[in-house]
Amino acid sequence: MTEKISNEIIRLPTPKQVIEECLAVSIPVKQSILRYRKAIEEIISGKDSRLLVVVGPCSIHDVQEAKDYALKLYQTRKHFSKHLEIVMRVYLEKPRTILGWKGFINDPHLDGSFDVHTGLKKARNLLVSLSEIGMPVACEFLDMITPSYLEDLVSWGAIGARTTESQTHRELASGLKCPVGFKNATHGNIKVAIDGVKAAQSRHFRVTIDHQGQVSAVHTKGNPYAHIILRGGVEPNYQENHIRQGAKALMERGLTPKLMVDCSHGNSSKQYQRQCIVGLNLCRQISHGSEAIMGVMIESNLVAGRQDFVVGQKLNYGQSITDACISWEETSEILGQLASAVSHRNARTQEES
């Protein structure tokens with residue numbers, strides 16, 4: 001006979017309460033986040049010829065590791081700022097195909113205790129800390145409520161391959177204040193991502209909570225800077241013909257023919273080392289004048305590869321516990337190659353004009 005287990009309800013503090021418990025966001029930081037968003041918007045719209053690069057760990061599981069990575073990335077961001085707008089990937093929620101660790105917000109102690117209150121506080125404090133050093137952050141929006149706790153600190157957002165077809169996620173994106181990328185579906189279909197972009201750019205009505213925790217109706221204005229991300233599927237989709245087809249499909253739907261390419265996931269055939277191969281291919285396309293590629297995504301960490309985590313067992317510092325990542329050294333090399341490619345593209349454009 002099956003035992004019936006009652007659902008447990010744990011009350012969480014409101015967004016306002018969590019924000020008050022956490023580090024204060026200074027006016028200069030708020031202004032910086034607005035500038036980061038504006039810079040990204042101009043790249044997406046084609047007004048800025050630089051390349052948007054969203055790079056960082058597959059997921060965050062250790063605050064100090066994230067800060068150490070951010071300090072390295074910040075120096076690189078400054079060095080390549082003429083050609084690249086580098087944003088750190090700070091993914092705090094993880095979608096699972098079946099089961100698995102659901103991310104830092106959901107289980108910050110990595111022990112199945114699901115201390116969401118602590119997860120929200122630590123996540124917000126991390127985003128504040130990274131913003132204070134001058135590092136814009138990117139997050140995947142998975143849960144419908146967590147954006148109320150964190151959205152003000154995010155410069156760029158993603159809707160993942162598993163949720164890109166979800167009506168509620170499209171409605172969420174339509175009301176977010178930062179640019180949002182929609183990944184193509186896991187099997188590789190880009191139509192659902194384009195549909196997601198069209199939906200997110202439109203006005204919607206959705207139910208959520210406000211900062212006081214009150215269930216509220218929100219009328220969204222639409223997000224004009226929603227865009228697609230090619231992440232591969234059954235087969236990769238980063239080659240020149242895929243970029244050309246993607247840009248054409250966007251134009252046919254009345255959208256700006258600009259897209260981002262994910263070097264990982266289906267495009268790397270889930271072999272993290274192949275991100276470097278994908279990156280080189282994109283560099284060649286950009287150097288040869290491709291205007292459609294406006295952004296690149298890379299999964300990177302301090303240490304290459306991945307590791308399994310076991311409760312009570314010490315983890316390797318700086319190594320992923322979800323998808324495998326390329327090392328910091330490999331990341332620096334790819335970023336340099338991308339900056340060089342953008343430089344060549346811009347020089348070529350000037351010569352032709």
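**Notebook: salt bridges, rings, cysteines and a surface patch**

I searched the whole structure for salt bridges and found 13, counting a side-chain nitrogen of Lys or Arg within 4 Å of a carboxyl oxygen of Asp or Glu. I am working on a predicted model, in which local features need pLDDT of at least 70 and side-chain atom pairs count only at pLDDT 80 or more, while totals for chains, interfaces and linings use all residues. Residues are numbered from 1 along each chain as its sequence is written, and side-chain values use heavy atoms, with hydrogens and water left out.

**Salt bridges**

Arg50 lies in the loop between helix H2 (27-45) and strand S1 (51-56) and Glu85 in strand S2, so the pair ties together parts that are 35 residues apart in sequence; helices (H or I, at least four residues) and strands (E, at least two) are DSSP runs, numbered from the N terminus. Arg50 counts as buried at 14% relative accessibility, and Glu85 counts as buried at 5%, where buried means under 20% relative accessible area, exposed over 50% and partly exposed in between (1.4 Å probe, protein chains only). I also noted that Asp48, Arg50, Arg77 and Glu85 are linked in a network of salt bridges.

Next I took Glu299 and Arg89, whose side chains meet in a salt bridge at 2.9 Å, N to O. This pair links distant parts of the chain, with Glu299 in strand S10 and Arg89 in strand S2, 210 residues apart. Glu299 is buried, with a relative accessible area of 0%, and Arg89 counts as buried at 1%. The charged end of Arg89 also sits over the ring of Tyr91, 3.8 Å from its centre; the rule asks for NZ of Lys or CZ of Arg within 6 Å of the ring centre and within 35 degrees of the ring normal.

**Aromatic pairs**

I count 2 aromatic pairs, taking rings of Phe, Tyr and Trp (its six-membered ring) with centres within 6.5 Å, and calling planes under 30 degrees apart stacked, over 60 edge-to-face and the rest tilted. The rings of Tyr69 and Trp328 have centres 5.4 Å apart and planes at 85 degrees, so I list them as edge-to-face. Tyr69 lies in helix H3 (residues 63-79) and Trp328 in helix H10 (residues 328-352), so the pair ties together parts that are 259 residues apart in sequence. Both Tyr69 and Trp328 are buried. The rings of Trp101 and Phe309, with centres 6.3 Å apart and planes at 75 degrees, are likewise edge-to-face. Trp101 counts as buried at 8% relative accessibility, whereas Phe309, at 27%, counts as partly exposed.

**Cysteines**

I find 0 disulfides, a disulfide being a pair of cysteine sulfur atoms within 2.5 Å. The closest cysteine sulfur to that of Cys178 is in Cys139, 8.4 Å away and too far for a bond. For Cys325, the closest cysteine sulfur is in Cys58, at 5.7 Å, again too far for a bond. Cys178 is buried, with a relative accessible area of 1%, and Cys325 counts as buried at 0%.

**Surface patch**

Phe205, Val207 and Val215 make a nonpolar surface patch of about 310 Å². Phe205 lies in strand S6 (residues 204-209) and counts as partly exposed at 47% relative accessibility. Patches are made of residues with over 30% relative accessible area and no salt bridge, with like charges joined within 9 Å and nonpolar side chains (Val, Leu, Ile, Met, Phe, Trp, Tyr) within 5 Å; accessible areas come from the Shrake-Rupley method with a 1.4 Å probe, and for residues only the protein chains shown count as cover.
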